[in-house]
Amino acid sequence: MALSEPQLQLCSTLADDGTLTLSLESKTPTPLADDEVWVAVQAAPINPSDLGLLLAGADLSTAKSEGEGLARKLTATVPAAALPLFAGRLGHTLPVGNEGAGEVVAAGASAEAQALLGRTVALFGGATYARYRRAKVADLLLLPEGTAAEAGASCFVNPLTALGMTETMRREGHRGIVHTAAASNLGQMLNRICLADGIPLVNVVRKGAQVELLKAQGATHVVNSTDPDFEAQLTDALAETGATVAFDATGGGELGSQLLNAMERAALRSADAYSRYGSTTYKQLYIYGGLDRSPTVLKRAFGFSWGIGGWLLPPFLERLGQEGADRLRARVVSELHSTFASHYAARITLSEALDVDTLKRYAQQATGEKFLITPHLA
Ligand SMILES: NC(=O)c1ccc[n+]([C@@H]2O[C@H](COP(=O)([O-])OP(=O)(O)OC[C@H]3O[C@@H](n4cnc5c(N)ncnc54)[C@H](OP(=O)(O)O)[C@@H]3O)[C@@H](O)[C@H]2O)c1
């Protein structure tokens, strides 16, 4: 089978001495199994989780690129103190890109694979910053006829996580949600879901402009963590909504602890009697991102009825089962242009992703600054 352009994959390699190298690796395609297809990837978003794999916490002030076009390479240094965190990947060349969308350009012999020829599909599961991505038919999401690849590029990671938060809330018996870094692409989706489904949501952001952005999108409760009366505002919002499950994208610092403490203060407002053990209201904090790399600090004034855990999409989907996952995926497809629409600040090619100035911009993880890789554009 011949693909119309060479297969190229953006890869990240971390050497034992802490040198990180980003490069475009060329591979010879091998024959497809009956149930496989080649997808010409047309659009793939750069999400925070991609940056984790791509950059391994490298110090970007050391970044430099050499070479041009497809031969370009970018190097940067990962601080020695951080290297033990990445012991499992030292010396390995890892393909990058969690998700994306594109056109099926070659198919295995099965009827299911052949039926996808020429169709636009979304895919998830790694190695999407590539000209072509091989995939099993069962792992693809078929997009409705006429859907542009760009519209389907972010079908999985953020939409399913936002929906997963509301599913988790219901399954664990909570009435409402608190969400941090809430002006993120994911946060804006969660706000739209909660408004549509009547779920009380407290959005926590860190800038005035983010309060305005979410309020303009109909959000009821938006609290700015840099306001001097943040904790009082947060407690009022939690008392009003009854939200007792928090999803924290920052992970570091005291924010998670502040959320639990405010939930406890809100619960005590309606407590019948004093208990030295605190309220009986169960409060759950899920850390689901690592935007703040500083240590997680707990200042416990939240009694004894609480839990803290990690939350990650793939194991959540496994627990949910095939039927549940299919239900969420069907909703994403039917609301692709509304609830689950993503916006991109820029579109870049594979080689532009290895340009130092471009990298510094997309690595910021700032509100409204999500980039899209378009592997087939020159
Ligand atoms: N666990 C999972 O399975 C899973 C799945 C999907 C996504 N996620 C996580 O979801 C989060 C949002 O993803 P996204 O693609 O929606 O992000 P995004 O659109 O790139 O937005 C990132 C947001 O985080 C804010 N931010 C960055 N650093 C921060 C910090 N130190 N403290 C507070 N806010 C900070 C930014 O605000 P500023 O403009 O103020 O910088 C921006 O609003 C990420 O943490 C990602 O890893 C987790």
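## Two domains

Some 31 Å lie between the centres of domain 1 and domain 2, taken over C-alpha atoms. Where the two domains touch, the contact draws 10 residues from domain 1 and eight residues from domain 2. On the domain 1 side, that contact has one nonpolar, seven polar and two charged residues. Keep in mind throughout that this is a predicted model.

As for the bounds, the domain assignment of the protein chain gives domain 1 as 8–154 + 342–373 and domain 2 as 157–315.

## Around the ligand

Both domains show up here again: the shell around the ligand takes at least three residues from domain 1 and at least three from domain 2. In total, 26 residues surround the ligand, and the closest are Ser184, Asn185, Leu186, Gly289 and Thr367. Sorted by class, the shell comes out as 12 nonpolar, 10 polar and four charged residues.

## H4 against H5

Now for how H4 sits against H5. Helix H4 covers residues 157–171 and helix H5 covers residues 185–197; their axes come within 9 Å and cross at roughly 45°. Angles of 65 to 115 degrees count as roughly perpendicular and those under 35 as roughly parallel, so H4 and H5 end up oblique to each other. The crossing of H4 past H5 is right-handed.

From H4, the contact uses Asn158, Pro159, Thr161, Ala162, Leu163, Met165 and Thr166, while H5 answers with Asn185, Leu186, Met189, Leu190, Ile193 and Asp197. Split by class, this H4–H5 contact holds eight nonpolar, four polar and one charged residues.

## H4 against H9

H4 has another packing partner in helix H9 (residues 313–334), with the axes 10 Å apart and an angle of about 105°. That angle falls in the 65 to 115 degree range, so H4 and H9 are roughly perpendicular to each other.

On the H4 side, the residues making this contact are Val157, Pro159, Leu160, Thr161, Leu163, Gly164 and Glu167. H9 brings Leu313, Phe316, Leu317, Leu320, Leu328, Arg331 and Val332. The class tally for H4 with H9 is 10 nonpolar, two polar and two charged residues. Pro159, Thr161 and Leu163 of H4 turn up in this contact and also in the one with H5.

## H7 against H8

One more helix pair is worth a look. Helix H7 (residues 230–241) packs on helix H8 (residues 255–268) at an angle of about 55°, and their axes are 8 Å apart. This makes H7 oblique to H8. H7 goes past H8 in a right-handed crossing.

What makes the contact between H7 and H8? H7 puts in Glu231, Leu234, Thr235, Leu238 and Ala239, and H8 puts in Gln258, Ala262, Met263, Arg265 and Ala266. By class, the H7–H8 contact consists of six nonpolar, two polar and two charged residues.

Note on methods. Residues are numbered from 1 along each chain as its sequence is written. This is a predicted model: local features need pLDDT of at least 70, side-chain atom pairs count only at pLDDT 80 or more; totals for chains, interfaces and linings use all residues. Axes are lines fitted to C-alpha atoms, for helices over the stretch in contact, and angles run from 0 to 180 degrees between N-to-C directions. Helices (H or I, at least four residues) and strands (E, at least two) are DSSP runs, numbered from the N terminus. Angles under 35 degrees count as roughly parallel, over 145 as roughly antiparallel, 65 to 115 as roughly perpendicular and the rest as oblique. A crossing is left-handed if the near helix is turned anticlockwise from the far one by less than a right angle, and right-handed if clockwise. Two residues are in contact if their C-beta atoms, placed from the backbone, lie within 7 Å. Ala, Val, Leu, Ile, Met, Phe, Trp, Tyr, Cys and Pro count as nonpolar, Asp, Glu, Lys and Arg as charged, and the others, Gly among them, as polar. A residue is near a molecule or strand if its C-beta atom, placed from the backbone, lies within 6 Å of it. Domain bounds come from an automatic or database domain assignment.
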